[in-house]
Every structure is written in structure tokens, then in C-alpha cells.
Amino acid sequence: MQAWQVHENGEPSEVMRLAEVERPTPGDGQVLLRVRAANINFPDALLCRGQYQVRPPLPFTPGVEICGETEDGRRVIANPALPHGGFAEYALADSRALLPAPESLDDAQAAALHIGYQTGWFGLHRRARLEAEETLLVHAAAGGVGSAAVQLGKAAGATVIGVVGGPDKAAVARELGCDVVVDRRAEDVVAAVKEATGGRGVDVVYDPVGGEAYTQSAKLVAFEGRIVVVGFAGGTISSPALNHALVKNYSILGLHWGLYNTKNPALVQHCHEQLTALAERGAIRPLVSERVPLDGAAAAVQRVADGVTTGRVAVVLEKGAGA
């Protein structure tokens, strides 16, 4: 079979190589899946760079989120078991963690429903306890993680403010349903959000960026507000001033979604049922901005790493295409 492999750490476009390799053999509790579509996530770039919290042995195949097909023809969503990731014709996955792909979504959309939307659901509902009519601020609102949070926030009845970088991403954020869009390249984010909220600030901040975005969040969070720290796509890990959290009376909440797979897997299943119901009624739909063939995976991962994409980019295998 064909699979992308990483033999040394570095930039995705430089270290990912398409090769002919043996089809992987499932271990105990694993299942072999034919990959129909693989969604590209920022962690795939971190894996290539050797900067992710999981460091599979070299060589490995990246790709942490797929829509695949079982031997009996079931269409499922899975997180591949590294080192046999999803940027390949076949991948391995934990048989107990397979989730049914919603019928309302094609393969690329189904592949994109999992990590970003689960992270958004856990961040907004489990951690921040977002309520209807509250105000939600989403950083990188046009990106893969941010776009999911925007849709989930709107589905929950919140007013959503999206922060983006550039006019093209601003247009995408508006199409996603943001009530207010702030272009950080053209506007003062703090001033714009304060104006939009009448000086009150926001109840919940969803931050997958870190760095300057977190600094802005601390200035914008309202009394009894909650900042959900999801990641550091901006490359800088912030050091929050805890005295500031005390004085303003807000909460800083960390979210590592992957822990729920081992700490509370039943809740992951419950979340998927909620997401499926939302997808079936059209309240959420993954924004897949690009569908590329398997041989375009390395270049696509690099574009995601460089932050020049909107929504999700999916690798779609021709014989399993759902587009």
C-alpha cells in the first residue's frame, strides 16, 4: 500500500515521503481500516517536527483523524494508532474507540467531525459550561479548531465574536455565523471587542492560539468569565498572571481532550452522539475548504502548519471519496 512516512523530524514538506510499504497488521484490540478520508490537524505538523506530546518511533505515518471503512463495510470515524497513521491507504485503530460516521456527512466532513468538534464540545460545555445568551470569543475563528467552536457556540445560543487574521478569513468567519468579526491585522482586538460588548467583555474565551491572543483574552474576559486554553498554535506558551485572575475574578481552564479517551471514554461516546444529532439537523457542518489526493498530503500539512488555510483540509482517497 501507499503511505506517507517520516524518517526524520523537520518541516512536513521536507520530511514526509510517499512510499510503498507493507499493510500494517492489527495487534490485540486493534482493527485494520481502509482510509476513505484523513483530516489534517495541526498536531500532524507537530508530529513531523517532533514537538508533539506523543513521539512515535521513526519511521511513522502521521494522520491522527480519519473516516475509514471496516472489513464488513461500516463507515467509521477513528483516531489511528500511531505509528500507523491516517495518511495512507490503510491504518490501524483501537476497535473499542470506533465511532459511526454520520450519514449526513461525506467522508471528508466525517473525518473532520472528531477532534476539533469534540475539543470544542468539551471546552465549551464540559469545561466552560457555556450558557445560552452568553458571549463567546473564539480566536482563529476561521481555522479548523476555531470554526468548530464557532458553530458549537451558535448552536448553544451564544453570541459569538470571532478573531481572525486577514479579510479572507474574516469573510469565512461571517459565513460560519459569527455575530461580530475582528480582523487582528487591521483592528485593535481589545478595543473592538470592548466596543462590541459595551465595555463588559466576554463570558467565555476559546483560545487555541496562545501568546498575544491569551494576553488579549485576559484583558477581555468579563466578571466570572472563563478562558479555555486549548493549544498554542501561535507558538508561544503564555504564563498567566494569577493575581490578575484573582483581581478580575475569572477562571483559566485547561483542556486536553485526549485524556477523556482514557479517563472517561463513555463521555467521548456521549459527545459523539450529541455532535451527530447536531450534524443531522444541520446545526453544525465541518467546513472542508480543500480536498486533496493522497499524493498532495505533505504540501497540505505544510499549509496547515503555516496557518494559511481556512476550515479543514482533508486528504481524500479516490476509491473512498465521499465528496
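Predicted model: local features only at pLDDT ≥ 70, side-chain atom pairs only at ≥ 80, totals over all residues.
1. Local features need pLDDT of at least 70, side-chain atom pairs count only at pLDDT 80 or more, and totals for chains, interfaces and linings use all residues. Residues are numbered from 1 along each chain as its sequence is written, and side-chain values use heavy atoms, with hydrogens and water left out.

2. Thr309 sits in the loop between helix 12 (297–306) and strand 15 (312–316). Helices (H or I, at least four residues) and strands (E, at least two) are DSSP runs, numbered from the N terminus. Thr309 has a relative accessible area of 11%, so it is buried. Buried means under 20% relative accessible area, exposed over 50%, and partly exposed in between (1.4 Å probe, protein chains only).

3. Leaving aside neighbours within four places in sequence, Thr309 is in contact (heavy atoms within 4.5 Å) with Lys169, Glu290, Arg303 and Val304.

4. There are two aromatic pairs. Rings of Phe, Tyr and Trp (its six-membered ring) pair if their centres lie within 6.5 Å; planes under 30 degrees apart count as stacked, over 60 as edge-to-face and the rest as tilted. Trp121 and Phe122 are edge-to-face, because their ring centres are 5.2 Å apart and their planes at 80°. Both residues are buried.

5. The rings of Phe122 and Tyr260 have centres 4.2 Å apart and planes at 35°, so this pair is tilted. Phe122 belongs to helix 4 (residues 115–127) and Tyr260 to helix 10 (residues 260–263), so the pair ties together parts 138 residues apart in sequence. Tyr260 is buried, as is Phe122. Trp121, Phe122 and Tyr260 make up one aromatic cluster.
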